[in-house]
Amino acid sequence: MSRAGTRRVDNSVAVRMGSEPSRAVRWIILGVVGLVFCIPIVAMVVFSFKDGLGGGYTLAHWSGLFDEDAARTYRNLFTGIGNSLLLAVVTVAIVLVVLLPTMILVHLQFPRLRRTLEFICIIPITVPAIVLVVGLAPVYSVVVKVVGGSVWTLALAYGITVLPYAYRAIQSNLDAVDVITLSEAGRTLSANWGKILWFVLLPNLKRGVLAASFISVAVVLGEFTIASLLNRTNLQTALLQVSQSDPYVAVIFALLALALAFLLLLSIGRIGRTRTGSSS
Amino acid sequence: MTVANAPVLVSDAAESSTRRHSPSGPATRRPLRGLVKYLGLTPFAVYVVLFLAIPTTIAVVSGFFTDDGAFTFDNVLGLFAPNVLATFGSSFWVSAVTAVVGAVVGALVCYALLGTRADGPLRSFIDSASSVLAQFGGVMLAFAFIAAIGSQGLITVLLKDVFGLDIFANGVWLYQVQGLLPVYIYFQVPLMIITFMPALSGLKLQWAEANATLGGTRFTYWTRIAFPVLAPSFFGSLLLLFANAFSSYATAAALISQGAQIVPLQIRAALVSETVLGRENMAGALALGMVIVMVVVMWGYSVLQNRTSRWQK
């Protein structure tokens, strides 16, 4: 990243030698692809203002959300949103309570297990949700018997689907911080492991932990496969259901969800940047 | 097969880590006392066994059993029924087409981004937008395409009114397998940008300089240096895109509400109706078929990634 400044200076040289695109070529490519990629999003925005099929435009679909009886009309949708938010919170809790301590422990005490842990954490890419859900159905019939069928239980499956993303976010932070020296410094100053974890390691891992949390929230808010095939209600299944009766509201909420996910991921980038900027 | 790979990786890791850590030696690390530190691993281990290992095993193995628990090859042989083979065929076709188009367009965008600041606003905007579109679209992308090129969509109507062009002259194909192509490409290109950008920005300016010093042209730079160096990464990303399309379910489910046109939709049909082709546990057999394809593709991906990382450092 620090190279970026020097690269920019050399840009004209690179362009002349053909290793980098000229300004015109760059903006033609980005312009054309960007334009094409804007079309579906713009179409959604336009659609959300459409007044039926007869043409004409209206604000009614947006203002309808604030009606007194909106809560009743879109009850299912609001349930889905509520469920997804709860699931996001529980999933983040799983990442922070189960994955994070294990990663720190492995990093400090079981360096030989690092590759194994990495391997486990990327399995969910090879075993996609649509495959996992086939085996999750019987598992959940047991889960329901043991802890009941509450909404939050779905987060137990989501904790697995976010593993690759959360792992990558935390690991890149772990690699960048000298965790071993830090914890030894803590030990020398006679802190116990709890104190080291809380006062020494976590503040240094804040960036990775935040990034892992945000990306987990984004994944959970977008999850459809598992919820749908286990007959649960979350934001995405509710959106699909609402779209059959009121496509305008479905599109409005889809736009809002996409915007929220975009902001979450944009802030991950920001967190990373400010930290590297100030510490190096 | 995924699990079978694990021991190899473990022994591999053990070797490399002893080599890496031998100078400082384990004595410099203060070990937690005995049992306690192993206890620390149990929550994650239990969790992963319960919600990853067991479901995966059930998914892959259940195809070999009837509902009564008797062993059978019936379901797995069902994978070779003509209509199931046709489903796998269209899944391969959709994944291959969208992976190739996505990889080429995505690589072009990466090329266009060369020479921009990695921490500048343009790159961070494209990074975040790519992540959103690549991984979290699902159902919402289906809405977006219905709004754009559905039968009353913005573009459909525009083309008809302005150019007199009816894109659905031969029937509305958006809700069929062909309809998946534009939508899948829409999330494949961003995934390509995310995975291929690090490789492309790893090209060193010195290589271009060396090429120029030795009298090479732009053409020789790309054909003799950049393409060979980027090839493993490009084809690796291509495989990742293929796997991504092959395993994606949400968008297809939202667009195609009934039927079993691609493998994930056939799994849906098998799960919902319990019997496909008059067989129980067909979902398990389909899941097994899918996992086999995914393991092969992802294995190829990791081989190519390892070749890439050789020069990326």
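**Starting from one residue**

I began with B:Ala287, and beyond residues up to four places away in sequence it touches A:Val131, A:Val134, B:Ala59, B:Val60, B:Gly63 and B:Ile267. That list holds residues of chain A as well as chain B. Before going on, I noted that this is a predicted model.

**The core**

Next I asked which residues touch the most other members of the largest nonpolar core. They are A:Ala166, B:Phe143 and B:Ala287, in a core of 172 residues. I then looked for the largest share of this core and found it in helix 6 (residues 75-109) of chain A, with 14 residues. Domain 1 (3-66) and domain 2 (74-279) of chain A both contribute residues, so the core lies between them. A general reminder to myself: in soluble globular proteins, nonpolar side chains tend to be buried together.

**Where the chains meet**

How many residues does each chain bring to the contact? I get 83 from chain A and 83 from chain B. On the side of chain A that touches chain B, helix 3 (residues 23-48) of chain A gives the largest share, twelve residues. Sorting that side of chain A by class, I have 57 nonpolar, 15 polar and eleven charged residues.

**Two domains in chain A**

I went back to the domain assignment of chain A, which gives domain 1 (3-66) and domain 2 (74-279). Taken over C-alpha atoms, the centres of these two domains of chain A are 29 Å apart. Their contact takes seven residues from domain 1 of chain A and six residues from domain 2 of chain A. On the domain 1 side, helix 3 and helix 4 (60-63) of chain A each supply at least two residues. Helix 3 of chain A gives the largest share of that side, four residues. By class, the domain 1 side divides into five nonpolar, two polar and no charged residues.

**A closer look at A:Ser48**

I picked A:Ser48, which sits in helix 3 of chain A. Is A:Ser48 buried or exposed? I count it as buried, because 22 other C-beta atoms lie within 10 Å and the cut-off is 20 or more. Leaving out residues up to four places away in sequence, A:Ser48 touches A:His61, A:Trp62, A:Tyr248, A:Val251, A:Ile252 and A:Leu255.

A:Val13 has 14 C-beta neighbours inside 10 Å, so it counts as partly exposed. I also checked A:Val13 against A:Ile268: they are 255 residues apart along the chain, and 33 Å separate their C-alpha atoms.

**Overall build**

Chain A has 16 helices and zero strands, and chain B has 14 helices and zero strands. Of the 280 residues of chain A, 42% count as buried; of the 313 residues of chain B, 43% do. I looked at contacts between residues at least 6 apart in sequence: in chain A, 76% of them join residues at least 24 apart, and in chain B, 75% do.

What is the radius of gyration of chain A? I have 23 Å, whereas a compact globule of 280 residues would have one near 19 Å. Along its principal axes, the C-alpha trace of chain A spans about 75 × 65 × 35 Å.

Last, confidence. Chain A averages a pLDDT of 85, and 91% of the residues score at least 70.

How values were computed. Residues numbered from 1 in each chain as written. Chains lettered and ligands numbered in written order. Predicted model: local features only at pLDDT ≥ 70, side-chain atom pairs only at ≥ 80, totals over all residues. Contact = placed C-beta atoms within 7 Å. Nonpolar A, V, L, I, M, F, W, Y, C, P; charged D, E, K, R; others polar. Core = buried A, V, L, I, M, F, W, Y, C linked by C-beta atoms within 7 Å. Buried ≥ 20, exposed ≤ 12 C-beta atoms within 10 Å, placed from the backbone. Domains from an automatic or database assignment. pLDDT = per-residue confidence, 0-100. Rg over C-alpha atoms; globule rule 2.2 N^0.38 Å.
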